[in-house]
Amino acid sequence: MPKPTREMKIVVSKDGSYQVSGHVPLSMQIIEPNEQGLSWDWKEAKSFKADETYDLCRCGNSKNKPFCDGSHLKAKFDGTETATRRPYVRQAEVFDGSTLLLSDAEELCAFARFCDPGGKIWGLMDQTDDPEVRKLVIREANHCPAGRLVLHDKKTGEEIEHKLPPSIGVVEDPAMGCSGPLWVRGGIRIESANGTPYEARNRVTLCRCGASVNKPFCNGSHASIRFRDGLVEFVRLKKSE
Ligand code: SF4
Ligand code: FES
């Protein structure tokens, strides 16, 4: 799996955009539900032209989403970074399962709901000596875009992490009738407006609706405000609305 190049970087600008550099690939990533309507897979729907540098909207107001058009100035966007700089392991609680350990940093949840099929992932941990359940749990944790959930094998202590190619996904959630965060994959560096780096991780989600209280990370608020970027025709999966 390719690693991020030295040039690949995302800078969180003060009360402004995400400044992306290093030709980072950018595509639309759609959350696909299973037959029960629960989040099951990712579908890449479209690629955007990824120049050497580009600016992505962070306030939710751009008329040219996912790119920034300067609307944060008119909106007087308060993009204050409130997220902790503690590394993931110091944020996470650990759940002990029969063959796996599940680390969980709840604050990072992007409400993508991949942890739901088959029963919530936490409730499945005690059944991971069943190979089918273990497979499902590994799938669910690795589909979690936010990196809230991380697994370790209990016997070997090894992290079970499917390495992702360095890239950014513009998340769409048709089942929820909203657009989601920016899914930053493959360990791309993210730097605060004051120059300090966040921990580089395989999976993180950055807020692009402007409403997260854990900026720059997504905390699922896009679902409660029904943030829409207008990039896809939303399929109504729920009858009532
Ligand atoms: S972001 Fe991760 S933890 Fe949150 S609902 Fe989705 S899969 Fe579950
Ligand atoms: S995009 Fe998820 S909280 Fe803003």
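**Salt bridges and overall form of the chain**

User: Which residue forms a salt bridge with Arg 203, and how far apart are the closest N and O atoms?
Analyst: The partner of Arg 203 is Glu 161, with 2.7 Å between the closest N and O atoms. A salt bridge here is a side-chain nitrogen of Lys or Arg within 4 Å of a carboxyl oxygen of Asp or Glu. This is a predicted model, in which local features need pLDDT of at least 70 and side-chain atom pairs count only at pLDDT 80 or more, while totals for chains, interfaces and linings use all residues. Residues are numbered from 1 along each chain as its sequence is written, chains are lettered from A and ligands numbered from 1 in the order in which they are written, and side-chain values use heavy atoms, without hydrogens or water.

User: Where do Arg 203 and Glu 161 sit in the chain?
Analyst: Arg 203 belongs to strand S13 (residues 203-206), and Glu 161 to the loop between strand S9 (159-160) and S10; the two are 42 residues apart. Helices (H or I, at least four residues) and strands (E, at least two) are DSSP runs, numbered from the N terminus.

User: Is Arg 203 buried or exposed?
Analyst: Arg 203 counts as buried, at 3% relative accessibility, and Glu 161 also counts as buried, at 14%. Buried means under 20% relative accessible area, exposed over 50%, and partly exposed in between (1.4 Å probe, protein chains only).

User: How many salt bridges are there in the whole structure?
Analyst: The search finds 13. One of these pairs is Arg 113 with Asp 173, at 2.7 Å between the closest N and O atoms. Arg 113 lies in the loop between strand S7 (100-104) and helix H3 (121-124) and Asp 173 in strand S10 (residues 167-173), so the pair ties together parts that are 60 residues apart in sequence. Both Arg 113 and Asp 173 are buried.

User: What does Asp 153 pair with?
Analyst: Asp 153 forms a salt bridge with Arg 134, at 2.8 Å. Asp 153 is in strand S8 (residues 149-153) and Arg 134 in helix H4, 19 residues apart. Asp 153 is buried at 13%, whereas Arg 134 is partly exposed at 23%.

User: Which residues are linked in a network of salt bridges?
Analyst: Glu 172, Arg 208 and Asp 229 are linked in this way.

User: Changing topic, how many helices and strands does the chain have?
Analyst: The chain has five helices and 13 strands. Buried residues make up 53% of its 241 residues. The C-alpha atoms fill a box of roughly 55 × 45 × 30 Å along the principal axes.
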